[in-house]
Structure formats: structure tokens, C-alpha cells
Amino acid sequence: MDIRQIQNDHEVLLARMAALRHLADGAMAKDDAIATVAGIAALGATLQLHLAIEDHLLYPALTRANDAEIASAGRHFQQEMGGLSDAYAAFTGRWRAADDIAAAPERFRRDLHAILDALEARIAREHATLLPLAATL
């Protein structure tokens, strides 16, 4: 299986996450909060497209594999991603407006860092475990 698109998506996602961290670690004036909301939307759009590729191409290929380890890993990662997707949706629901961010910047930063840490950890595990298995298909 060609995993280059997934790897490219991961690079884009990581760059968007780094940009969000940079914005959030600033003073968080109203203009920063507006830019941050736009960054959250851009990350969400990229994430949705990426997850669609995983759901329609990656996971089905892995779960259909003749190798039981590969099939099991595909099922495990797919189930786990559902929880992370739900957590990201909850985060974006809570922080969809610049006024909300500007009103509680410390809470926003804490929530942002928690969801970004989870996404980054997931990408790292995919690179370490899942993508090498997919590359053998």
C-alpha cells in the first residue's frame, strides 16, 4: 500500500498544530483569538479529510490483510481513532468563537495543548506501528 499521502497529511497536520501552539502561547488578544479560531478550522478540515482517507482506504486494507497481526492492529487503531475524533469535536465545539477564547485564554491553552498532545501522540504511534504494517500490503 502506498502510504505517501498519509505521511504527507501527517506533516501538514503537525505543521498546523505547531502554528496553533505558537498562536495560543501568545498574549491572546482579540486578533490572536480570531486567528486561532481560523487555525482550529483549518486543522479540523485537514483532519476530516485525513480521517476519510484512513476510514475508506487504510483501515479496510489493514483489516482485510491475511496477516492476523496487521488485521488486529488496523481494527485497534480504527476503534481508538473514534474516541480521539470525538474529543476533537468536543474541543472545537467548546472553542468555536474568538470571544470564548479571549474570555478564558488559560483554559483554552490547557484544552488546546491536551488535544494537540493527543493528536501528536497518535501520529507518532501511526508512524511507529501502523504505517510500517500498511507499507507491507
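## Helices α1 and α2

The axes of α1 and α2 approach within 10 Å of each other and cross at roughly 160 degrees. The two helices are therefore roughly antiparallel to each other, since angles over 145 degrees fall in that class. Their crossing is left-handed. The model described here is a predicted one.

On the α1 side, the residues that meet α2 are Gln 5, Ile 6, Asp 9, His 10, Val 12, Leu 13, Arg 16, Met 17, Leu 20 and Leu 23. Their partners in α2 include Ala 35, Gly 39, Ile 40, Leu 43, Leu 47, Ile 53 and Leu 58. By class, the residues of this contact comprise 13 nonpolar, 6 polar and 3 charged.

Thr 46 is one of the α2 residues that meet α1. Thr 46 counts as buried because its relative accessibility is 13%, and the cut-off for buried is under 20%. Apart from neighbours within four places in sequence, Thr 46 is in contact with Val 12, Leu 13 and Arg 16.

## Overall architecture

The secondary structure of the protein consists of 5 helices and 0 strands. Read from the N terminus, the order of elements is α-α-α-α-α. Along its principal axes, the C-alpha trace extends over about 55 × 25 × 20 Å.

The protein has 137 residues, of which 37% count as buried. Among contacts with a separation of 6 or more, 79% are between residues 24 or more positions apart.

## Helices α1 and α5

Helix α1 covers residues 4-24 and helix α5 covers residues 105-135; their axes come within 11 Å and cross at roughly 160 degrees. That angle makes α1 roughly antiparallel to α5. This crossing, too, is described as left-handed.

The contact involves α1 residues such as Ile 6, His 10, Leu 13, Leu 14, Met 17 and Leu 20. In total, the contact of α1 with α5 has 12 nonpolar, 4 polar and 5 charged residues.

## Helices α2 and α5

Helices α2 and α5 pack at an angle of about 25 degrees, and their axes are 13 Å apart. As angles under 35 degrees count as roughly parallel, α2 is roughly parallel to α5. The crossing of α2 and α5 is left-handed.

In α2, the residues that meet α5 are Thr 36, Ile 40, Leu 43, Leu 47, His 50, Glu 54, Leu 58, Tyr 59 and Leu 62. In α5, they are Phe 108, Leu 116, Leu 119, Arg 122, Glu 126, Leu 130, Leu 133 and Ala 134. These residues divide into 12 nonpolar, 2 polar and 3 charged.

In soluble globular proteins, nonpolar side chains tend to be buried together. In this model, the largest nonpolar core has 36 residues, and those with the most contacts inside it are Tyr 88, Phe 91, Phe 108, Leu 116 and Leu 119. At least two core residues come from each of α1, α2 (30-63), α3 (68-94), α4 (98-103) and α5. Helix α5 supplies the largest share, 10 residues.

Apart from neighbours within four places in sequence, Leu 119 is in contact with Met 17, Leu 47, Leu 84 and Tyr 88.

Ala 71 is placed in helix α3. Ala 71 is buried because its relative accessible area is 6%. With neighbours within four places in sequence set aside, its contacts are Leu 62, Thr 63 and Ala 65. Ala 71 and Val 37 are 34 residues apart along the chain, and their C-alpha atoms are separated by 38 Å.

Arg 107 belongs to helix α5. With a relative accessible area of 39%, Arg 107 is partly exposed. Not counting residues up to four places away in sequence, Arg 107 touches Arg 94 and Trp 95.

Methods:
Residues are numbered from 1 along each chain as its sequence is written. This is a predicted model: local features need pLDDT of at least 70, side-chain atom pairs count only at pLDDT 80 or more; totals for chains, interfaces and linings use all residues. Side-chain values use heavy atoms; hydrogens and water are left out. Axes are lines fitted to C-alpha atoms, for helices over the stretch in contact, and angles run from 0 to 180 degrees between N-to-C directions. Helices (H or I, at least four residues) and strands (E, at least two) are DSSP runs, numbered from the N terminus. Angles under 35 degrees count as roughly parallel, over 145 as roughly antiparallel, 65 to 115 as roughly perpendicular and the rest as oblique. A crossing is left-handed if the near helix is turned anticlockwise from the far one by less than a right angle, and right-handed if clockwise. Contact means heavy atoms within 4.5 Å. Ala, Val, Leu, Ile, Met, Phe, Trp, Tyr, Cys and Pro count as nonpolar, Asp, Glu, Lys and Arg as charged, and the others, Gly among them, as polar. A nonpolar core is a set of buried Ala, Val, Leu, Ile, Met, Phe, Trp, Tyr and Cys residues joined through side-chain atoms within 4.5 Å. Buried means under 20% relative accessible area, exposed over 50%, partly exposed in between (1.4 Å probe, protein chains only).
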